[in-house]
Amino acid sequence: MKHLPFMTRMALLCGLGLGALPLAALATAAGFPTHPVTLVIPFPPGGATDVNGRVIAQRLGKELGQPVVIENRAGAGTVVGASYVSKAAPDGYTLLLSSGSTFTVNPAIRPNLPYDPVKSFEPIGIAGRVALILLANSEVPVQTVKQFVDYVKASPGKYAYGSYGTGTTAQFAGETMLHATGLKMTHVPYKGSAPAMTDLMGGQIPFSIDTVSAAIPQLKNGKIKAIALTTAKRSALLPDVPTFAESGYPGVDMDSWLLLAAPKGLPADVKAKLEKALAATIADPDTRAKLMGQGLEPAFSDAAASSELINRELPLMRAVAARANITAD
């Protein structure tokens, strides 16, 4: 083929479906990565996503053969960081590690996002999931889902539940729970898990929905109690705590997940290499142990399954937001 005239060679490439790819993309794909990769985390340093992201980045860099450097771009409920990555070159050197807040929650409550959750990103894979849990103050006379439903139903509108913020997955889980059970409760949003947990322990609120990772330290101290998980399956971190689904409410199925994504237009073989590297990262025993220690259940899902998750959750989140009148702050 190299002895053929240039135009003939190009025509043959086009016929094979290769001519449509930019030569720069072909060159990038062939040697990727040749320099450090930037991993944007749309949360402040020190938070759960940042801590887990640094664990993932360390091993991911080893799998790729180049350092993966964390860059925190927090603000507007992940919008700042997500928007930055959506506009970056789709060459695999700028990646985003974020939660469902970016891909399914923000689109449900923010009408004018500077990115599209489907059209702006190329999912690489799910790195892990964090279960959400209904908690109660230790003095509340409730131990099971049935007791909780009976207790709240006896006084409609009297009781409140707290969450770590308006428009968060915790509020969406709470509103899903109320819809499934037919209960009426007041949502009390806090600015983070810490103040919500403080008020729950102090009795200012009788119930809250939080992440399993935030709840475990206080559960061990006996300062609060676990009622049920809002996920379809039990958590490996709290295997003795039942789910709402087990208690007759299969419609309550919501958790938080961590997704690695790139800007749309990523070359297919770069995407495949990143996907393979992420799978190996999450399979690494030392990495898994570190993530579990931070409250993240390592659970790899490939690019196709990640796209399916986003497409499945988007209409569900929009329905919950419309039904419960959830809007961004």
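Tutor: The mean positions of the 29 positive and 24 negative charges of the chain lie 2 Å apart. Lys and Arg are taken as positive and Asp and Glu as negative, while His and the chain ends are not counted. Each charge is placed at NZ of Lys, CZ of Arg, CG of Asp or CD of Glu.

Student: What kind of model is this, and how are the residues numbered?

Tutor: This is a predicted model, where local features need pLDDT of at least 70 and side-chain atom pairs count only at pLDDT 80 or more, though totals for chains, interfaces and linings use all residues. Residues are numbered from 1 along each chain as its sequence is written, and side-chain values use heavy atoms, with hydrogens and water left out.

Student: Back to charges, then. How many salt bridges does the structure hold?

Tutor: The structure holds 9 salt bridges, each being a side-chain nitrogen of Lys or Arg within 4 Å of a carboxyl oxygen of Asp or Glu. One of them joins R129 and D255, with the closest N and O atoms 2.7 Å apart. R129 sits in strand 4 (residues 121–137) and D255 in strand 9 (residues 255–263), so this pair ties together parts that are 126 residues apart in sequence.

Student: Is D255 buried or exposed?

Tutor: D255 counts as buried, at 12% relative accessibility. The cut-offs are under 20% relative accessible area for buried, over 50% for exposed, and partly exposed in between, using a 1.4 Å probe and protein chains only.

Student: Which residue forms a salt bridge with K146?

Tutor: That's D150, with 2.9 Å between the closest N and O atoms. D150 and K146 both lie in helix 6 (residues 145–153), 4 residues apart, which is about one turn of the helix. K146 is exposed at 59% relative accessibility, and D150 is partly exposed at 41%.

Student: And where do E246 and R234 come in?

Tutor: Their side chains meet in a salt bridge of 2.8 Å, N to O. E246 and R234 each lie in the loop between strand 8 (224–229) and strand 9, so the pair ties together parts that are 12 residues apart in sequence. E246 is partly exposed at 45%, and R234 is partly exposed at 39%.

Student: Which residues are linked with E63 in a network?

Tutor: R59 and D284 are linked with E63 in a network of salt bridges.

Student: New topic: how many helices and strands does the chain have?

Tutor: The chain has 12 helices and 10 strands. Those are DSSP runs numbered from the N terminus: helices are H or I with at least four residues, and strands are E with at least two. Overall, 49% of the 329 residues count as buried.

Student: I'm curious about A262. What does A262 touch?

Tutor: A262 lies in strand 9 and is buried, with a relative accessible area of 0%. Leaving out residues up to four places away in sequence, A262 touches T94, L95, S120, F121, E122 and I124, a contact being heavy atoms within 4.5 Å.

Student: How far apart are A262 and A299 in space?

Tutor: They are 19 Å apart, C-alpha to C-alpha, and 37 residues apart in sequence.

Student: Last one: what box do the C-alpha atoms fill?

Tutor: Along the principal axes, the C-alpha atoms of the chain fill a box of roughly 85 × 40 × 35 Å.
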